[in-house]
Amino acid sequence: MRAVVFEEYGDPEVLEVQDVPEPHAGPGQVRIKVHAAGVNPYDTKIRRGFTKDFAPAKFPAIPGFEVAGVVDEAGDGAAFAVGDEVVGWSAGGSYAEYALGGNITRKPAGLGWEQAVGVPVAGETAQRVLDLLEVKPGETILIHGAAGAVGSVAVQLAKAAGLTVIGTASEANHEYLTSIGAIPVLYGEGLLERVREAAPQGVDAVFDTAGKGGLEESIELRGGTDRIVTIADFAAAELGIQTSGGGTGSPEEVRVALDAQLQAAADGKLTIRIAESFALADADKAQALSESGHARGKVVVLPQA
């Protein structure tokens, strides 16, 4: 099968398409014909070697762990049958024509592959951090990087929970943020004053998805580090701010939440914006876009394109 592979740590240019052996479903497993693979910041951290001390890559490595596709091989005792449309986390690299399923669930009918693969990581991350922040109806939350894949889902989940949402983004994304219910503010110099003008009632919680500054202003807005969580800023520990980098729920809890979010997306109640989709041969461009921090939504690789 064709798959994206890297054999050393480095820049996006280390990614290349190779012919590699196909995986096969063992007992209780399914193999998925991949229609869409999600591109996530963690993919790029692995490629650069940032995780090698605790999760080293096994070369040659296939990146990706977010998958949507059709079951085409089912082992004995598998929970899904050949022909089932599924989405979730793969048990191996997903930038490939085929991948083994990990924690997966059924894709709702009518939900496109690209939109479906944009839900698992962004949805789980957004809900996890909102739970950590213990947000309540009537409160105001500031979300940094609100137009990105995680940020835009967090905006919508927070709005659905009855919060007022202030979202930082470039001016080009302000109309989009308004359309999903956020009050947009421009990031960068003068952020503190702009947030105070947009939220004279104050800010009760801060969710940083961007990792590109704004934490010191957030501390001033909150009057301390309480109820500020980042998923992206390496300076957080020095500032005494909580970082959340992984799931805390059981696989079943995660799957139940994913089912609800997928159905909301299928029903048009949760918007999943696709920044750009790439063929396998352009996976380096996909990861470069993700790494830039300027993707307007979800970045996707389409192995069947």
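Guide: Two strands pair if DSSP finds at least two bridges between them, and strands (E, at least two residues) and helices (H or I, at least four) are DSSP runs numbered from the N terminus. This is a predicted model, in which local features need pLDDT of at least 70, side-chain atom pairs count only at pLDDT 80 or more, and totals for chains, interfaces and linings use all residues. Residues are numbered from 1 along each chain as its sequence is written, and side-chain values use heavy atoms, with hydrogens and water left out.

Visitor: How many bridges pair β8 with strand β9?

Guide: Strand β9 covers residues 183-186 and pairs with β8 in the parallel sense. Within this pairing Ile166 has Ile183 of β9 as its bridge partner. The number of bridges between β8 and β9 is four.

Visitor: Which residue in β8 is the bridge partner of Ile141?

Guide: Strand β7 (residues 140-144) runs parallel to β8, and four bridges join them. The bridge partner of Ile141 in β8 is Val165.

Visitor: Why is β8 largely enclosed by the rest of the structure?

Guide: Buried means under 20% relative accessible area, with exposed over 50% and partly exposed in between (1.4 Å probe, protein chains only). Strand β8 spans residues 164-169, and it is largely enclosed because the number of its six residues that are buried is five.

Visitor: Within what arc do the buried residues of α10 fall, seen down its axis?

Guide: In helix α10 (residues 283-292), the buried residues are Ala283, Ala286, Gln287 and Ser290. The arc is that of the directions from the helix axis to the C-beta atoms. These buried residues line one face of the helix, because seen down the axis they fall within an arc of 90°.
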